[in-house]
Amino acid sequence: MLFLGLLVFCFIVFVALYARYMFAENDISKRRTHLENKREKAEQKIKRLQSGTGQIKKDINSVSARLEDLKRTLREGGRTDHGF
């Protein structure tokens, strides 16, 4: 009878420890998933910023070329062939 009681007690302790382990595993898994989602969002933001930066650089180069063209036109005496 004592052996049976000890066996039941050990089983209850085992189930309690196993449940705690599974809870911890689930929590770790949720945190890992949350961290991966945050990382993916950060990577997407970085890509958008990089593409935006590239577009801004293109725009700056285009406007700079236009400015130089206008400066050259003004130096040549105000003749325009731009159709403006």
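Colleague: Which aspartate meets the side chain of arginine 66 in a salt bridge?

Modeller: In this predicted model, a salt bridge requires a side-chain nitrogen of Lys or Arg within 4 Å of a carboxyl oxygen of Asp or Glu. For arginine 66 the N to O distance is 3.8 Å, and the partner is aspartate 69.

Colleague: Why are arginine 66 and aspartate 69 separated by about one helical turn?

Modeller: Both residues belong to helix 1. The separation is about one helical turn because arginine 66 and aspartate 69 are three residues apart.

Colleague: Is aspartate 69 buried or exposed?

Modeller: The limit for a buried residue is under 20% relative accessible area. Arginine 66, at 30% relative accessibility, counts as partly exposed. Aspartate 69 has a relative accessible area of 16%, so this residue is buried.

Colleague: Which residues are joined into one network with Asp69 by salt bridges that share partners?

Modeller: The side chains of arginine 66 and aspartate 69 meet in a salt bridge. Through shared partners, salt bridges join Asp69 into one network with Arg66 and Arg72.

Colleague: What is the N to O distance between aspartate 27 and arginine 31?

Modeller: These two residues lie in helix 1 (residues 2-75), four residues apart, about one turn of the helix. Aspartate 27 counts as partly exposed at 31% relative accessibility, whereas arginine 31 counts as exposed at 60%. Their side chains meet in a salt bridge with an N to O distance of 3.3 Å.

Colleague: Which arginine meets glutamate 43 in a salt bridge?

Modeller: Glutamate 43, at 37% relative accessibility, counts as partly exposed. The N to O distance is 3.2 Å, and the partner is arginine 39.

Colleague: Is the pair of phenylalanine 14 and tyrosine 18 stacked or tilted?

Modeller: The ring centres of phenylalanine 14 and tyrosine 18 are 6.1 Å apart, with 20 degrees between the planes. Planes under 30 degrees apart count as stacked. The aromatic pair is therefore stacked.

Colleague: What is the arrangement of the rings of tyrosine 18 and tyrosine 21?

Modeller: Tyrosine 18 is partly exposed, with a relative accessible area of 44%, and tyrosine 21 counts as partly exposed at 46%. Their ring centres lie 6.4 Å apart and their planes are at 35 degrees, so the pair is tilted.

Colleague: Which residues form one aromatic cluster?

Modeller: The structure holds two aromatic pairs. Phenylalanine 14 pairs with tyrosine 18, and tyrosine 18 pairs with tyrosine 21. The cluster consists of Phe14, Tyr18 and Tyr21.

Conventions
Residues are numbered from 1 along each chain as its sequence is written. This is a predicted model: local features need pLDDT of at least 70, side-chain atom pairs count only at pLDDT 80 or more; totals for chains, interfaces and linings use all residues. Side-chain values use heavy atoms; hydrogens and water are left out. Buried means under 20% relative accessible area, exposed over 50%, partly exposed in between (1.4 Å probe, protein chains only). Rings of Phe, Tyr and Trp (its six-membered ring) pair if their centres lie within 6.5 Å; planes under 30 degrees apart count as stacked, over 60 as edge-to-face and the rest as tilted.
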